[in-house]
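These are my notebook entries on one structure. I looked up rings, helices, pockets and a cavity, in that order.

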Amino acid sequence: MQTLKPTLTIDIWSDLVCPWCWIAKKRFEQGLNRFEFRDQVVIRHHSYRLAGGTPAMPFKDAIVKKLGSQHSAELMMNQVGTAGKSEGLIYNFDGMMFGDTEDAHTLLVAARKAGIADAVEERFYHGSITEGRSLFDRQQLTLKPPWKMTIFAPPFPTMKPTHSLLASAAFRFL
């Protein structure tokens, strides 16, 4: 007789411009890897647009505007930077941008269907937070250089995964 294994469904809502989301992603992955019943966990990812309709702007400017002062923004960025460093992440606030991530989330949905969303999401976080690459420039999101990621080809937004991509090799910077 076969026994049924219960499953645990976890819904994760995140945005690529949320400074805490990359940290939370890393911490969740570490916890899940240690969880004895991780094979019984179903994860459902959802896009959350913190800045729907907001044009791209420097992250620091957006945080000062949101928190009301340069001092408050610096305190928040110090907290995020420290927490990120504890997870091995590097936050380059001078190069980060903030705005509506609808295009990047559109690509993530397609990447989920292609089975490569984890690698694409990680690449977007690292590229935008550490390297200062733009999530708001369709050319950068869809072309190989400088992201080294040929996953989707124009025309945007009806992008389809290419058939010649190996996810393991697609996200390396040479």
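I began with the ring criterion: rings of Phe, Tyr and Trp (its six-membered ring) pair if their centres lie within 6.5 Å, and planes under 30 degrees apart count as stacked, over 60 as edge-to-face and the rest as tilted. By that criterion, ring pairs join Trp-22, Phe-59, Tyr-91, Phe-93, Phe-98 and Tyr-125 into a cluster.

**Basis.** I note that this is a predicted model, in which local features need pLDDT of at least 70 and side-chain atom pairs count only at pLDDT 80 or more, while totals for chains, interfaces and linings use all residues. Residues are numbered from 1 along each chain as its sequence is written, and side-chain values use heavy atoms, with hydrogens and water left out.

**Layout.** I took helices (H or I, at least four residues) and strands (E, at least two) as DSSP runs, numbered from the N terminus. The chain has seven helices and four strands. Read from the N terminus, the order of elements is β-α-β-β-α-α-β-α-α-α-α.

I then looked up the surface, with accessible areas from the Shrake-Rupley method, a 1.4 Å probe, and only the protein chains shown as cover for residues. The chain exposes about 10400 Å², and 56% of this belongs to carbon and sulfur atoms. Of the 174 residues in the chain, 38% are buried.

Contact means heavy atoms within 4.5 Å. Among contacts in the chain with a separation of 6 or more, 69% are between residues 24 or more positions apart.

**Aromatic pairs.** I found six aromatic pairs in the structure. In one of them, Phe-59 and Phe-98, the ring centres are 6.3 Å apart and the planes are at 65°, so the pair is edge-to-face. The pair links distant parts of the chain, with Phe-59 in helix α2 and Phe-98 in strand β4 (residues 97–98), 39 residues apart. Both Phe-59 and Phe-98 are buried.

**Tyr-125.** I went next to another member of the ring cluster, Tyr-125. Tyr-125 lies in helix α5 and counts as buried at 0% relative accessibility. Where does Tyr-125 make contact, leaving aside its neighbours within four places in sequence? The residues in contact are Ser-14, Asp-15, Leu-16, Cys-21, Trp-22, Lys-25 and Thr-130. For Leu-16, the separation from Tyr-125 is 109 residues in sequence and 6.3 Å in space, C-alpha to C-alpha.

**Helix α1.** I listed the buried residues of α1: Pro-19, Cys-21, Trp-22, Ile-23, Lys-25, Lys-26 and Leu-32. The buried residues of α1 pack against β1, β2, α2, α3 (70–86) and α5.

**Pockets.** I used a 1 Å grid over the protein atoms alone, where a cavity is a set of points at which a 1.4 Å probe fits but cannot get out, a pocket is an open set with protein on both sides within 12 Å along at least five of seven lines, and lining residues have an atom within 4 Å of a point. Grid points are joined across faces, edges and corners, and a volume is the space filled by probe spheres set on the points.

The largest pocket has a volume of about 290 Å³. It is lined by 15 residues, and the closest to its centre are Ile-12, Lys-25, Phe-28, Glu-29 and His-45. Four elements, β1 (8–14), α1 (19–34), β2 (41–47) and α5 (117–130), each supply at least two residues of this lining. The largest share, seven residues, comes from α1.

For residue classes, I counted Ala, Val, Leu, Ile, Met, Phe, Trp, Tyr, Cys and Pro as nonpolar, Asp, Glu, Lys and Arg as charged, and the others, Gly among them, as polar. The lining of the largest pocket has eight nonpolar, three polar and four charged residues.

The second largest pocket has a volume of about 170 Å³. Its lining includes Phe-59 and Phe-98, along with Val-17, Cys-18 and Pro-19. Helix α2 (residues 59–67) gives the largest share of that lining, four residues. By class, the lining of the second largest pocket has nine nonpolar, no polar and one charged residues.

**Cavity.** I found one cavity of 30 Å³ or more. The largest cavity holds about 70 Å³ of space. Among its lining residues are Leu-16, Val-17, Cys-18, Pro-19, Ser-128 and Arg-133. By class, the lining of the largest cavity has nine nonpolar, two polar and one charged residues.

Technical notes
Buried < 20%, exposed > 50% of the residue type's maximum accessible area, 1.4 Å probe, protein only.
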